[in-house]
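Here is a short briefing to read alongside the sequence and the model.

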Amino acid sequence: MLSRVAVGDVMTRNFASTSPDTNLLDCAKKMVKQRVGCLLLTENKKLRGLITQKDILWALTKKDTSELKSIRASDVAAKKIAVIKPSATIAEAFEKMREYGFRRLPVISKGEVIG
């Protein structure tokens, strides 16, 4: 059954995103407010990175908490991200996530983030 369901049919369309220049404190606040574990970093609908709760926790252990306002999301976010097309099957998405060890997979169409 998973081989017939397309990623575009089940993806989150209202994903949480922010600018790569957003500071870590604002990223954390946005994650809490939207109840999400990550934010896609986008510029003009183009994917520039992905920041997770783990990235922010890592920064907290390495830096003083007062520095969270001066550290940009793009400074600690993953920049090499596996992506998938909306036409791919759920089985293909699961395989890609398993292969790379990712829990999230941005959906890209025509170079723009759509889910």
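**Salt bridges and what surrounds them**

Arg48 and Glu43 pair through their side chains in a salt bridge, with N and O 3.2 Å apart. The model is predicted. Four salt bridges are found in the structure. A search for disulfides finds zero. The largest pocket has a volume of about 480 Å³.

**Arg48 and Glu43**

- Arg48 is partly exposed, at 42% relative accessibility.
- Glu43 is partly exposed too. Its relative accessibility is 35%.

- Arg72 forms a salt bridge with Asp21, and the closest N and O atoms are 2.7 Å apart.
- Arg72 has a relative accessibility of 36% and counts as partly exposed.
- Asp21 is partly exposed as well, with a relative accessible area of 46%.
- A salt bridge also links Asp75 to Arg72, with 3.5 Å between the closest N and O atoms.
- Asp75 is partly exposed, at 45% relative accessibility.
- Through shared partners, the salt bridges join Asp21, Arg72 and Asp75 into one network.
- Side chains of opposite charge can pair when their charged atoms come close.

- Ser74 belongs to helix H4.
- Buried or exposed? Ser74 counts as buried, because its relative accessibility is 14%, below the 20% cut-off.
- The side chain of Ser74 makes a polar contact of 3.2 Å with the side chain of Arg72.
- Beyond its neighbours within four places in sequence, Ser74 is in contact with Pro20, Leu41 and Lys79.

- Asn23 lies in the loop between S1 and H2.
- Asn23 is buried, with a relative accessible area of 16%.
- A polar atom of the Asn23 side chain lies 2.8 Å from the backbone nitrogen of Asp26.

**Cysteines**

- Cys27 is buried, with a relative accessible area of 0%.
- Cys38 is buried, with a relative accessible area of 14%.
- A disulfide is a covalent bond between the sulfur atoms of two cysteines.

**The largest pocket**

- How many residues line the largest pocket? The lining has 22 residues.
- Thr12, Arg104, Leu105, Pro106 and Gly115 lie nearest the centre of the largest pocket.
- Helix H1 (7-10), strand S2 (38-43) and helix H5 (90-100) each contribute at least two lining residues.
- Which element gives the most to the lining? H5 does, with four residues.

- Arg35 is not a glycine, yet its phi is positive, at about 55°.
- Arg35 is placed in the loop between H2 and S2.
- Arg35 is exposed, at 77% relative accessibility.
- Lys110 also has a positive phi, near 55°, in a residue other than glycine.
- Lys110 is in the loop between strand S4 (108-109) and strand S5 (112-113).
- Lys110 is exposed, with a relative accessible area of 81%.

Key. Residues numbered from 1 in each chain as written. Predicted model: local features only at pLDDT ≥ 70, side-chain atom pairs only at ≥ 80, totals over all residues. Heavy atoms only, no water. Buried < 20%, exposed > 50% of the residue type's maximum accessible area, 1.4 Å probe, protein only. Polar contact = N/O pair within 3.5 Å; in protein donor to acceptor, adjacent residues only side chain to side chain. Contact = heavy atoms within 4.5 Å. Disulfide = S-S within 2.5 Å. 1 Å grid on protein atoms, 1.4 Å probe; cavity = no way out; pocket = protein on both sides within 12 Å on 5 of 7 lines; lining within 4 Å. Points joined across faces, edges and corners; volume = space filled by probe spheres on them.
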